[in-house]
Amino acid sequence: MKKIEEIISYVQAKGPMTIAVASAEDRDVLLAVDKARELGIARGILVGDKEKIEEVAQKLNINLTDYEIIHKENMQDASAEAVKLVSSGKAHILMKGLVDTSIILKEALNADYGLREGKLLSHVAVFEPENYDKLLLMTDAAMNIAPDLEKKKEIIKNSIKVAKAIEVETPNVCVICAKEKVSPKMEATVDAQELERLNKEGEIKDCVVGGPFGLDNAISKEAAIHKGIDHPLAGVADILLMPNIEAGNVFYKTMVFLAKAKNAGVIVGASAPIVLTSRADNDEAKLNSIALSVLMAIKKEEGSI
C-alpha cells in the first residue's frame, strides 16, 4: 500500500470493526468515529458521560441511534470499561477520547483486564509524503522518551507489524542519528551499529536494519551519493527509527504542519490497536488513524501480523 487512501479502500472492502471510545464526549473524536461509520470502516461503542456525549453529538448533528452508549461519569471508569470491551472481544480497537493519556494507558496495561501483550508499547506514525514513492513509517514520537538499546529493539519489532499490515513484507529500517559515522560520544550512533549487527545475526527478524543514518541519506539516494554513502538501505527507508522522543516529535510535526503530509498513527505492542491521536491532529488524521487501526485489527484476525 503506497497511499493512505489504499488503506481506507482496503478496510472498506473488508467490512467494519468495532471501536470502544473512552470518554467519548469529544468533538473531534466523535466526528472522526462518525465519518468512519459512514464510510463503513468502523462501528463505535461510546463510553463516557451520556448526557455530555448527547450534547456534543447534537451540536454536530450526529445521530446516536447508530451507537451503543455506556454511561460512565469519570475518566478512569470510562477508560476501564472501554478496555474491558476490547479485552473481552466485544470491541477490536481502543480509542482515546476526552481523557488523559496516562489514565487510559494505565487501564490498558491493567494486569487483570488490560491489553498487555508485548514488552513495550510504542507509537508508529505513517506518512504519505508528496515527494516519496511509498508510505513512510516513523517511530517513536509519542511513547518512549529516551529508549535504550533493548527498547529500540522492541520498538523496531512493533513497527514491523505496521509495515506488514500495509503489505511491506521485509521493511527497510533506517536508524536515524545526527551523523552517519559511529562515534562513542554519540550513543545513538553506537546503538545504530549494534542494531544493524543484531539484525544480521538474526536477533531482529523480518526486516533489514541499517545505521547510523542521517535523515537526508535515509530517504534520499541523491543525498547519500553526495555524501559517499553506499549502504544498500540509503534512500529507500520504509521505517525511520528515531533516537528519542524529541526527534520523533519534531519530525512528526514538521511533516504535518510544514510538509502537509497525510498521516495516521497507532499505538502498537498491546493485544489490540490503540488510537491515541494528538489534540492538534485534524479530523482527517484522526479518521486515517482509525482506518490504520482497523487494518491492524483485520490483519491480526487473519493471522498475517
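**Exercise 1.** Sort the lining of the largest pocket by residue class.

*Solution.* Keep in mind that this is a predicted model. Start with the nonpolar class, which has eight residues in the lining of the largest pocket. Next come seven polar residues, and then four charged ones. The lining has 19 residues, with Ala142, Leu276, Thr277, Ser278 and Asp281 lying nearest the pocket centre. The space inside the largest pocket is about 410 Å³.

**Exercise 2.** Work out which parts of the chain supply the lining of the largest pocket.

*Solution.* Begin with secondary structure: helix 10 (245-257) and strand 10 (262-268) each bring at least two lining residues. Helix 10 gives the most, with five residues. Now step up to domains: domain 1 (4-117 + 279-302) and domain 2 (122-258) each contribute at least three residues to the lining.

**Exercise 3.** Describe the stretch that UniProt annotates as a domain.

*Solution.* First, find the record: an unreviewed UniProt entry puts "domain: Phosphate acetyl/butaryl transferase" at residues 72-293. Then look at the make-up of residues 72-293, which is 39% helix and 17% strand. Finally, check the ends of that stretch: their C-alpha atoms sit 24 Å apart.

**Exercise 4.** How compact is the protein for its length?

*Solution.* Count elements to get oriented: the protein has 11 helices and 11 strands. The radius of gyration is 19 Å and the globule rule gives 19 Å for 305 residues, so the protein is as compact as a globular protein of that length. For overall extent, the C-alpha trace spans about 60 × 40 × 35 Å along its principal axes. As for burial, take under 20% relative accessible area as the cut-off; 55% of the 305 residues then count as buried.

Methods: Residues are numbered from 1 along each chain as its sequence is written. This is a predicted model: local features need pLDDT of at least 70, side-chain atom pairs count only at pLDDT 80 or more; totals for chains, interfaces and linings use all residues. Side-chain values use heavy atoms; hydrogens and water are left out. On a 1 Å grid over the protein atoms alone, a cavity is a set of points where a 1.4 Å probe fits but cannot get out, and a pocket is an open set with protein on both sides within 12 Å along at least five of seven lines; lining residues have an atom within 4 Å of a point. Grid points are joined across faces, edges and corners, and a volume is the space filled by probe spheres set on the points. Helices (H or I, at least four residues) and strands (E, at least two) are DSSP runs, numbered from the N terminus. Ala, Val, Leu, Ile, Met, Phe, Trp, Tyr, Cys and Pro count as nonpolar, Asp, Glu, Lys and Arg as charged, and the others, Gly among them, as polar. Domain bounds come from an automatic or database domain assignment. UniProt positions are given in the numbering used here, feature names are shortened, and annotations may be inferred rather than shown by experiment. The radius of gyration is taken over C-alpha atoms; the globule rule is 2.2 Å times the number of residues to the power 0.38. Buried means under 20% relative accessible area, exposed over 50%, partly exposed in between (1.4 Å probe, protein chains only).
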